[in-house]
Amino acid sequence: MLAFSSFRAPESGFIVEGKEGKNLHLEHLEDEVLNGGVEGVQLAFKFLDALEEMMNGSSKSSVKITTKWDGAPAIFCGKDPSDGQFFVGTKSVFNQNPKLCKSAKDVDDLYPESGLNPKLKTALAKLADVGIPDGHVFQGDMMFTAEDLVDKTIDGEDYVTFQPNTIVYAIPKSTPLAKQIKGCKLGVVFHTDYSGSGDLSEYRASFNPAVNKLRAPKDVWIQDAEYSDASGTAVFTAKESKNFSGQIADARKIASKVDKSLIERFASDEKLRVDIKAFMNSKIRQGQRIGNTAKMAIELLAYLEEKQMKKIAKLKTQKTIDAKTADLKKFISDLTKQKGKVKVVFDLMNAIQTAKDFVVKKLEKVKQMTDTFVKTEKGFKVTGPEGFVAVDKMKGNAVKIVDRLEFSMANFNAIKSW
């Protein structure tokens with residue numbers, strides 16, 4: 001992602017619990033306003049402009065789209081540069097003390113009681129000889145092992161299904177794909193390629209794993225995440241193109257009103273940014289998108305104060321509690337004076353989200369290789385894929401373009417198989 005500004009906000013006294021690991025973390029497009037300040041806003045519009053070109057049918061568009069598969073667990077595999085041995089693992093492969101499974105015994109030692117144990121053993125056995133190049137580690141989503149494949153009848157049609165996480169993937173039993181998958185012991189979708197030389201921790205991520213060059217055996221189903229639109233129906237109509245152009249223009253008008261120093265402050269204060277995102281996610285889990293932005297600005301202040309007071313209450317010395325409380329009160333007082341400016345930030349994020357969702361809805365209309373459902377108390381409900389990833393072809397930047405409200409609500413309410 002673009003580098004943040006060197007501007008540093010005054011110490012807010014915020015307490016953050018935990019930090020992101022070394023593994024790649026994709027951000028939602030509208031969150032770049034918080035992540036990168038002025039540069040983040042510029043990045044968001046760069047993606048929107050490129051998406052407009054792509055959706056209008058331009059082969060010169062600077063972005064490509066990949067599909068997000070709702071798999072679990074995340075799977076990493078390749079050769080350890082320190083000894084040349086093939087390994088599989090989960091996100092902990094990039095830990096300071098990485099968990100690399102190079103043998104069945106390693107799996108037993110590292111994941112003795114975990115449900116991952118048999119899945120990692122299958123992955124280790126089946127992926128060792130598929131031809132992942134030296135100096136590369138592929139990351140993907142495990143979609144199924146043989147025991148996860150279940151025959152189901154949904155709305156009168158017979159399917160072969162698998163449910164690695166929230167979404168139920170269903171392939172009509174009469175299709176060649178269903179026959180292929182029924183004979184497989186492992187299914188994986190690869191989406192990221194880490195490459196480099198030297199220590200594994202120094203490898204860098206890109207979004208173009210050469211999956212087409214792998215040698216998958218007949219009982220292993222390997223896919224890349226590249227978005228495919230063989231029908232051409234994802235291209236905007238003239239009316240849709242005009243609507244999308246208008247949405248981008250509306251967002252730009254709002255961006256011109258955003259207080260630059262405020263968004264630079266958000267970008268430079270990681271602890272504050274984490275809590276703002278937590279507030280937004282709490283609204284999404286309740287089924288609320290960014291709407292009444294004036295009300296949200298006020299609710300954000302109350303949320304920040306309450307959450308931080310709970311953290312302060314856990315501190316051990318009264319002197320520290322008093323100091324942190326005073327810092328927090330001053331911070332909330334200062335931010336309250338800027339609540340109108342906070343509202344404009346939410347207005348901008350809402351406008352970017354609206355334009356993004358317009359693209360997502362269009363992409364979802366294209367028939368993919370599997371049908372997708374979520375399981376509810378009333379049966380199976382048709383849903384779109386988890387979402388998509390927009391990748392800058394030139395610089396490798398990437399953002400999630402996901403209907404957060406639809407998928408997060410599905411994730412919250414769905415009945416899962418595990």
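Which residues touch the most other members of the largest nonpolar core? In this predicted model they are V345, F346, L363 and I401, out of 57 residues in that core. A nonpolar core here is a set of buried Ala, Val, Leu, Ile, Met, Phe, Trp, Tyr and Cys residues joined through side-chain atoms within 4.5 Å, where buried means under 20% relative accessible area (1.4 Å probe, protein chains only). Helix 10, residues 339-364, supplies the largest share of the core, with twelve residues. Helices (H or I, at least four residues) and strands (E, at least two) are DSSP runs, numbered from the N terminus.

Take L363: leaving aside residues up to four places away in sequence, L363 is in contact (heavy atoms within 4.5 Å) with M55, I65, Y227, A234, F388 and I401. Apart from this core sits another, of 22 residues, including L120, V130, F138 and V220.

Strand 3 (residues 74-79) and strand 5 (residues 136-145) run antiparallel, joined by five bridges; strands count as paired if DSSP finds at least two bridges between them. Strand 3 also runs antiparallel to strand 4 (residues 86-89), with four bridges, and there F76 has G89 as its bridge partner.

A word on the numbers: residues count from 1 along each chain as its sequence is written, and side-chain values use heavy atoms, without hydrogens and water. As the model is predicted, local features need pLDDT of at least 70 and side-chain atom pairs count only at pLDDT 80 or more, while totals for chains, interfaces and linings use all residues.

Key. Buried means under 20% relative accessible area, exposed over 50%, partly exposed in between (1.4 Å probe, protein chains only).
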